[in-house]
Amino acid sequence: MNPFHYSKPVDVSQAISLAGAASRFIAGGTNLLDLMKENIARPEHLIDITGLPLKDVRETASGGLLIGAMVSNADLAWHPLVEQRYPLLSQAILAGASPQLRNMASTGGNLLQRTRCYYFYDSAVPCNKREPGSGCPAKDGLNRIHAILGASEDCVATHPSDMCVALAALDAVVHVEGRGGKRTIEFADFHRLPEDAPQRDNQLADDELITAIELPPQGFVAHSHYLKIRDRASYAFALVSVAAALELDGDIIRDVRLALGGVAHKPWRDKAVEQSLIGQPVSRENFVAAAEAILRDAKPLEHNAFKVKLAQRAIVRALSDAATGGKA
Ligand SMILES: Cc1cc2nc3c(=O)[nH]c(=O)nc-3n(C[C@H](O)[C@H](O)[C@H](O)COP(=O)(O)OP(=O)(O)OC[C@H]3O[C@@H](n4cnc5c(N)ncnc54)[C@H](O)[C@@H]3O)c2cc1C
């Protein structure tokens, strides 16, 4: 691990004034410290944001929720307003990591956790995400856990978060603040596809801090389900996950959200497919058609073709479980 400076600002403007290309904010440290110990991240300056006043969950004027970036994953999953109004989000968070990790991990840090691609974590091999232009051994290597949608010649890594898949489905908004001021970013635009710059996971500038996540009022309380398929029953990242949410009028679909995890460099949504379900009755046939359409452009690698069928089946099951009230 390289030597680094350490600061612990007490307010957001102080934190932002210290930030820059050679610094990193540290929240729970559950990802950043691992990356530093492996020499993958080498910040010259750590800005500890655990003392910032960003730990509240409060209702917005429009009936949604504003979640401070430093709310822990555990506190968020078990928050009464989240459990009651956004059960999809609670389920997704509780499907991830372990109780100890969820106690440490923060809302902002969860969005910015880095890929679990084995080659990214191995500094002895090339990786375009780690060292731009060095190559991507995953493309023709061990690529069982890698992307089947939206990948590029330069990178086939996936985004590992469970929470983000639910936030994508719920149309969350990310509040950020930097030296240029405050701005909001639609969740769908926050993470990037790799294209030819896989070193950039998201749209944040170096001096920008995530201050909060906003949830709109629609929480799909009656009909939502998060399904995570993984190699072990706990403490494993998703091979494929699905956040499914429906608003039903009888058995007619009035609104639907479908986001996939484990298949792309960002939580994957296909709004055209969602639109095609609106006005249709709940039926296995319609869910199968939607699942096939979402995966129509899938480009599996040598070892992950199984993910295409797995994702299709997971979509059908998650939608079916959502339709029956989220019962697995
Ligand atoms: C063994 C293990 C298993 C795991 N399993 C899962 C799993 O199954 N599902 C899952 O979703 N996750 C899983 N995780 C990942 C875990 O959820 C993340 O490590 C955690 O959410 C990161 O939050 P943190 O606060 O610890 O971030 P940190 O490690 O502190 O920071 C991560 C990144 O975010 C940046 N950052 C943090 N906060 C802010 C902010 N407010 N503004 C700007 N930048 C910020 C940091 O600079 C850093 O780059 C696992 C982790 C481990 C170690």
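## Cavities

The count comes to two cavities of 30 Å³ or more. A cavity here is a set of points on a 1 Å grid, over the protein atoms alone, where a 1.4 Å probe fits but cannot get out. This is a predicted model, where local features need pLDDT of at least 70, side-chain atom pairs count only at pLDDT 80 or more, and totals for chains, interfaces and linings use all residues. Residues are numbered from 1 along each chain as its sequence is written, and side-chain values use heavy atoms, with hydrogens and water left out.

The largest cavity has a volume of about 70 Å³, the space filled by probe spheres set on the points, which are joined across faces, edges and corners. It has 14 lining residues, each with an atom within 4 Å of a point. Cys117, Cys127, Cys136, Ala138 and Cys155 are the closest to its centre. The second largest cavity holds about 50 Å³. Its lining includes Gln113, Lys129 and His265.

## Ligand shell

The ligand is surrounded by 33 residues, each with a heavy atom within 4 Å of it. Phe25, Gly29, Thr30, Ser106 and Asp162 are the closest. Helix H7 (107–112) is one of the elements that supply at least two shell residues. H7 gives the largest share, four residues. Domain 1 (5–48) and domain 2 (224–323) both contribute to the shell, so the ligand lies between them; the bounds come from an automatic or database domain assignment.

A backbone N or O atom of Ala27 lies 2.9 Å from a ligand oxygen atom. The side chain of Gln113 has an N or O atom 3.4 Å from a ligand nitrogen atom.

Notes:
A polar contact is a pair of N or O atoms within 3.5 Å; within protein, one must be able to donate a hydrogen and the other to accept it, and residues adjacent in sequence count only if both atoms are side-chain atoms. On a 1 Å grid over the protein atoms alone, a cavity is a set of points where a 1.4 Å probe fits but cannot get out, and a pocket is an open set with protein on both sides within 12 Å along at least five of seven lines; lining residues have an atom within 4 Å of a point.
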